[in-house]
Amino acid sequence: LQLPADLTKMHLTDNPHPQVTHVPSSQSGCSIASDSGSSSLSDIYQATESEMGDVDLTGLPEAPVDSEDEEEEEDEDIDRTSDPLLGRDVVRECLEKEPADKTDDDIEQLLEFMHQLPAFANMTMSVRRELCSVMIFEVVEQAGAIILEDGQELDSWYVILNGTVEISYPDGKSESLCMGNSFGITPSLDKQYMNGVVRTKVDDCQFVCIAQQDYWRILNHVEKNTHKVEEEGEIVMVKEHRELDRSGTRKGHIVIKATPERLIMHLIEEHSIVDPTYIEDFLLTYRTFLTSPLEVGNKLLEWFTVDSLRDKVTRVVLLWVNNHFNDFEGDPAMTRFLEEFEKNLEDTKMKGHLRLLNIACAAKAKWRQITLQKPSRDSPLFFSLLGGSDKGFGIFVETVEIGSKAAEAGLKRGDQV
């Protein structure tokens, strides 16, 4: 069996993270979105499955091995699909279609391109999707061409896709706008007039235009797609309703803003089908709005005592360790959190999860050298060891006294000597 030539089809196209891939339920039952140094929980499961021995492959049909020439051709195909110029050609093909002729795939292509532009930066996904479905493509081939005259009635909102335009104002001032900038109407049905002259500065200037009626309708009907969660008279979370296809089968609410406390709480709540990677996204971004990871860790330990939340909490911690092990390795307080969580797994006899945690920690740990000096031969070590040849496994650090010289030197419980 061969992989599809276009590997991008394996990605969730409506998620902003290009790293997100769908993991089959037979492996981990979850999707992973992480930074460049992380891997998925499926790796841990596969590590445990590999210990089961060789798999019997008798009876399966044999497939020919690709030749070097075929491999070179496949490499060239991949190079071509990753060419940014080719990507722009695909986007242009989608733009040149009439709004009524654009398919869901066309709109996804446009969304992927438009979300990079400053003009669309502060808009929600549903607003961008609606705008992509009604935008019209225009090209002005020559430099110096006047697009809008001073005092001309406006009927569209323009976003620059290629080239540069200059706006000359009546007071003598001028302004240059480049790719991603916008000009034209504001979201209102009132008559509006151009203040200044807009002309192209280079050849082959490309724009998308959105009619005033559509621009006003889309931007002023955002409220119907949002759901606000209030606590004690204050808004603590805002969710947006999204439909990921026109059939209406993939729809639901996705969190777009919330207080830090509410974002932490949502880790153990049910997540919508349109927001399957909330946990991974939170673990990737929480550093921007929390002062310490212990704010999350302490809540997870608190929720672990609740039977109905235990599995959800364990999943969060496993993803956290697997995707961002540096959060624990470089922070003594977080290392203690991990030790306490490990003890909780032991006390509740969650042996399978405990094994996954140990495998993840072992896979992410790095070699390091620690120098521990003793004032005399009789001085205590402040740590204890476990294992050895008589036990049948390696030598590990079992305990480290908190605040001791050993702890200050960086020795940790679970270290293998």
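Which residue of E6 stands opposite Val159? I began with this question and found that Val159 faces Ser182 in E6. I note at the outset that the model is predicted.

**Entry 1: confidence**

I looked up the confidence before reading further. The chain has a mean pLDDT of 79, and 77% of its residues reach 70 or more. Helix H9, residues 294–304, has the highest confidence, with a mean of 95. Helix H1, residues 41–49, has the lowest, with a mean of 51. Over residues 47–61 the pLDDT is below 50, and I found 5 contacts in the model for this stretch beyond near neighbours in sequence. For residues 1–39 the pLDDT stays under 50, while the model has 70 contacts there beyond four places in sequence.

**Entry 2**

I traced an open sheet of 4 strands, ordered E1-E8-E3-E6, with antiparallel pairing. Strands E1 (136–140) and E6 (182–184) stand at the edges; each has a single partner strand, so one side of each lacks a neighbour in the sheet. From one strand to the next, the twist averages 30 degrees. I then returned to the pair with which I began. Strand E3, residues 156–162, is joined to E6 by 3 bridges in the antiparallel sense. Helix H6, residues 212–219, packs on this sheet and touches both E3 and strand E8 (205–211). I recorded an angle of about 65 degrees between the directions of H6 and E8.

**Entry 2: a second sheet**

I found another open sheet of 4 strands, in the order E2-E7-E4-E5, and its pairing is antiparallel. Its edge strands are E2 (146–148) and E5 (174–177), each of which pairs on one side only. Here the twist averages 30 degrees from one strand to the next. Strand E4, residues 165–168, pairs with E5 over 4 bridges in the antiparallel sense. I noted Ser176 in E5 as the bridge partner of Glu166.

**Entry 3: a hairpin**

I next examined strand E9 (residues 226–231) and strand E10 (residues 234–243), which run antiparallel and are joined by 6 bridges. They form a hairpin with 2 residues between the strands. In the turn, Glu232 has a positive phi of about 55 degrees. Within the pair, Glu230 stands opposite Ile235 in E10.

How do the axes of H10 and H12 cross? I found that the axes of helix H10 (residues 310–323) and helix H12 (residues 332–347) come within 12 Å and cross at roughly 135 degrees. H10 is therefore oblique to H12. The crossing is left-handed. From H10 the contact takes Val313, Thr314, Val317, Trp320 and Val321; from H12 it takes Met334, Phe337, Leu338, Phe341 and Leu345. I counted these by class as 9 nonpolar, 1 polar and no charged residues.

I then followed H12 to helix H13, residues 351–364. The two pack at an angle of about 150 degrees, with their axes 9 Å apart. H12 is therefore roughly antiparallel to H13. On the H12 side I listed Leu338, Phe341, Glu342, Leu345 and Glu346, which meet His353, Leu354, Leu357, Asn358 and Cys361 in H13. This contact divides into 6 nonpolar, 2 polar and 2 charged residues.

How values were computed:
Residues numbered from 1 in each chain as written. Predicted model: local features only at pLDDT ≥ 70, side-chain atom pairs only at ≥ 80, totals over all residues. Heavy atoms only, no water. pLDDT = per-residue confidence, 0-100. Contact = heavy atoms within 4.5 Å. Pairing = 2+ DSSP bridges. Axes fitted to C-alpha atoms, helices over the stretch in contact; angles between N-to-C directions. Parallel < 35°, antiparallel > 145°, perpendicular 65-115°, else oblique. Left-handed = near helix turned anticlockwise from the far one by under 90°. Nonpolar A, V, L, I, M, F, W, Y, C, P; charged D, E, K, R; others polar.
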